[in-house]
Amino acid sequence: MKMTMMQQGLSGLLLLLLLLSSCASGLESVVRKDYRYFANQRTWKKAQSICRSNRYYTDLATIYTQSDTELMNMNEYFAWIGLHRPANFSTSSNWLWSDGWNNFINRWAQDEPGDGESCAFISSYNDRFYGASCEKYFFFICEKDRENNPRYSFSFIPQPKTWSEAQQYCRDQLDDLVTIKHSFNLDSDVRHNGFPVWTGLHKDGQTWKWSRGLSDYRKWASGEPGNNSDNNCVSISSFSKEMATQNCSARFPFVCFRDNLVLVKEKKTWEEALEHCRALQYELVSVQPGTDHSYVMRKVMEANTEKVWAGLRFLAGRWLWVNKASMLYSGLPHCPLERQHCGALSKSDSGSLETIDCLEKLNFLCYSTT
């Protein structure tokens with residue numbers, strides 16, 4: 001049964017009050033992307049699991065543009081040094097260097113080393129020593145040809161190895177795991193060209209695919225992606241930001257990601273969508289032309305409907321965003337057809353919004369305001 005004119009008027013008034021109850025005001029961009037770097041080294045699958053189980057982040061990092069890599073602060077790393085406690089030593093205070101030297105500057109971090117930890121690594125964040133199980137995997141620092149080099153000469157090796165594997169590598173290739181006898185600063189004393197960090201890009205069948213989200217971004221290093229069938233996961237260099245294929249069982253630091261957009265793949269009318277978002281303490285998304293529009297459209301392409309509700313509504317003779325953001329789109333009808341008073345984003349993107357019947361049932365986009 002059609003609503004009477006009075007019912008329509010009351011409905012419009014109630015909707016206006018609902019819209020004006022939004023706490024946001026004068027917003028331009030609402031899209032927010034957040035990347036978090038974890039220096040602990042994990043396999044690709046374990047890193048993905050950690051990101052997905054985190055209450056704040058949603059998955060391994062998806063990179064959409066080159067500027068996203070500037071949000072990824074990947075400076076800290078952990079590296080084995082030659083300090084260890086041999087198994088035949090009875091107390092935790094008996095630590096030796098790999099070359100047999102039995103003295104060192106006390107650079108232990110607070111409350112380190114812990115019980116049962118027999119090998120030491122150094123953090124580039126504060127140059128402090130930390131204890132760990134010798135079976136963990138870290139990068140490592142070798143000392144070069146100390147007999148012929150009166151001054152320190154080091155080599156940072158960004159390969160994941162256990163302490164004993166790192167020691168053997170250093171002895172085979174250079175000299176030994178580093179012995180730190182004097183003041184030491186990783187930034188000035190250890191030169192390196194970056195290290196690999198896991199991203200969400202991986203091979204799914206014959207296709208490279210992100211762990212979550214749609215992105216065509218690739219910045220392959222020279223010679224990548226290679227033809228090694230065992231290298232099905234992708235890292236990014238902390239320094240050059242170039243990408244390389246890796247064996248997924250390798251253990252690297254990793255970056256988790258989240259944005260504040262939620263695509264709800266339920267079919268609801270515009271008002272039902274608005275109520276759904278607000279029940280979650282979210283808001284029906286507003287979007288502005290340019291970068292925001294392009295990013296939001298990537299979410300739209302994942303929907304199960306051809307159009308997706310946005311928070312645009314024609315009310316009291318004008319188009320309004322439900323969060324009272326500025327209206328920057330041009331070309332919206334000044335006098336829309338009856339019922340076509342709601343805005344949606346279409347997969348057949350025209351660079352603007354479409355105005356359609358508010359009673360259509362579509363997927364919709366919410367965004368977090370906190």
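A residue is termed buried under 20% relative accessible area, exposed over 50% and partly exposed in between (1.4 Å probe, protein chains only). The model is predicted: local features need pLDDT of at least 70, side-chain atom pairs count only at pLDDT 80 or more, and totals for chains, interfaces and linings use all residues. Residues are numbered from 1 along each chain as its sequence is written, and side-chain values use heavy atoms, with hydrogens and water left out.

Helices (H or I, at least four residues) and strands (E, at least two) are DSSP runs numbered from the N terminus. In helix H2 (residues 44-53), the buried residues are Trp 44, Ala 47, Gln 48 and Cys 51. These cover an arc of only 100° around the axis, which puts them on the same side of H2; the arc is that of the directions from the helix axis to the C-beta atoms. Lys 45 and Ser 53, on the other side of H2, are exposed.

Rings of Phe, Tyr and Trp (its six-membered ring) pair if their centres lie within 6.5 Å; planes under 30 degrees apart count as stacked, over 60 as edge-to-face and the rest as tilted. The structure holds 22 aromatic pairs, including the two tabulated here.

| Pair | Centre distance | Plane angle | Class |
|---|---|---|---|
| Tyr 64 and Tyr 295 | 4.8 Å | 80° | edge-to-face |
| Trp 80 and Phe 138 | 4.9 Å | 75° | edge-to-face |

Trp 80 lies in strand S3 (residues 78-84) and Phe 138 in strand S6 (residues 138-143), so their pair ties together parts 58 residues apart in sequence. Phe 138 is buried, at 3% relative accessible area, and Trp 80 is buried at 0%.
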